[in-house]
Amino acid sequence: MKDNPHLDILVMMAKIDGETDSSELELIRQIGASNNVSSDDIDSIIENTASDQSIPSLLELSKEEKVELMTNLVMVMKIDGRIDKEEMKFCMQIIKKLGYEEEALFDLVSSTYVDPSKTIDKEEIKQRAEQYLN
């Protein structure tokens, strides 16, 4: 299995509040599968990634990968219906490394509604996330 900083970061955020919700893990599995990561590799990432490990480097990410990561962070953060303070602090660290301003996170979080029973409009979130990237 090769390194997957994108999934590592999503798992770290899901675990940061000490209560990993099944809806968060299911969404992470869907994201991994859509990026052709095997279910065994996804399970390994979920099992072996700790919330307190160091954040992988994001310097090599393309603009599209940064937008994708920002979009997925917002979706995972909101999927369980609540936003934990630790999740927000962690997300703030990530978005700064991605080149976003703080206001981008606040806007995306406050104006994105994620209902696990409905299809998530990922493209809408992605378009809005792209507008904020420097």
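The protein comprises 7 helices and 0 strands, where helices (H or I, at least four residues) and strands (E, at least two) are DSSP runs numbered from the N terminus. Along the sequence, the pattern reads α-α-α-α-α-α-α. The radius of gyration, taken over C-alpha atoms, is 14 Å, close to the 14 Å that the globule rule gives for 134 residues, so the protein is as compact as a globular protein of that length; the globule rule is 2.2 Å times the number of residues to the power 0.38. The model is a predicted one, in which local features need pLDDT of at least 70 and side-chain atom pairs count only at pLDDT 80 or more, whereas totals for chains, interfaces and linings use all residues. Residues are numbered from 1 along each chain as its sequence is written, and side-chain values use heavy atoms, with hydrogens and water left out.

The C-alpha trace spans about 35 × 35 × 25 Å along its principal axes. The accessible surface comes to about 7,300 Å², of which 44% belongs to carbon and sulfur atoms; accessible areas come from the Shrake-Rupley method with a 1.4 Å probe, and for residues only the protein chains shown count as cover. Of the 134 residues, 46% count as buried, a class defined by a relative accessible area under 20%, with exposed meaning over 50% and partly exposed in between (1.4 Å probe, protein chains only). Among contacts (heavy atoms within 4.5 Å) with a separation of 6 or more, 76% involve residues 24 or more positions apart.

In soluble globular proteins, nonpolar side chains tend to be buried together. The largest nonpolar core of the present model has 41 residues, such a core being a set of buried Ala, Val, Leu, Ile, Met, Phe, Trp, Tyr and Cys residues joined through side-chain atoms within 4.5 Å. Two or more residues of this core are given by each of α1 (5-15), α2, α3, α4, α5 (85-98), α6 (102-110) and α7. The largest share, 8 residues, comes from α4. Met70, Ile94, Tyr100 and Leu105 are the residues with the most contacts inside the core. Of these, isoleucine 94 touches Ile9, Ile55, Leu58, Leu69 and Leu73, when residues up to four places away in sequence are not counted.

Ile42, Ile45 and Ile46 of α3 are buried. Seen down the helix axis, the buried residues of α3 fall within an arc of 95 degrees, so they line one face of the helix; the arc is that of the directions from the helix axis to the C-beta atoms. The cover over these buried residues includes α1 and α2. On the other side of α3, Asp40, Glu47 and Asn48 are exposed.

Asparagine 4, in the segment before α1, is buried, with a relative accessible area of 17%. Apart from its neighbours within four places in sequence, asparagine 4 is in contact with Val37 and Ile45. Asparagine 36 lies in the loop between α2 and α3 and counts as exposed at 74% relative accessibility. Although asparagine 36 is not a glycine, its phi is positive, at about 60 degrees.

Side chains of opposite charge can pair when their charged atoms come close. With a salt bridge defined as a side-chain nitrogen of Lys or Arg within 4 Å of a carboxyl oxygen of Asp or Glu, the count comes to 6 salt bridges. One of them joins arginine 29 and aspartate 43, whose closest N and O atoms are 3.3 Å apart. Arginine 29 lies in helix α2 (residues 22-34) and aspartate 43 in helix α3 (residues 39-48), so this pair ties together parts that are 14 residues apart in sequence. Both members are partly exposed, arginine 29 with a relative accessible area of 32% and aspartate 43 with 35%.

A salt bridge also forms between the side chains of glutamate 68 and lysine 126, at 2.7 Å from N to O. This pair links distant parts of the chain, with glutamate 68 in helix α4 (residues 63-78) and lysine 126 in helix α7 (residues 122-132), 58 residues apart. Glutamate 68 is buried, at a relative accessible area of 15%, whereas lysine 126 is partly exposed, at 21%. The side chains of lysine 96 and glutamate 102 likewise meet in a salt bridge (3.2 Å, N to O), and glutamate 102 is partly exposed at 37% relative accessibility. Asp17, Glu19 and Arg82 are linked in a network of salt bridges.
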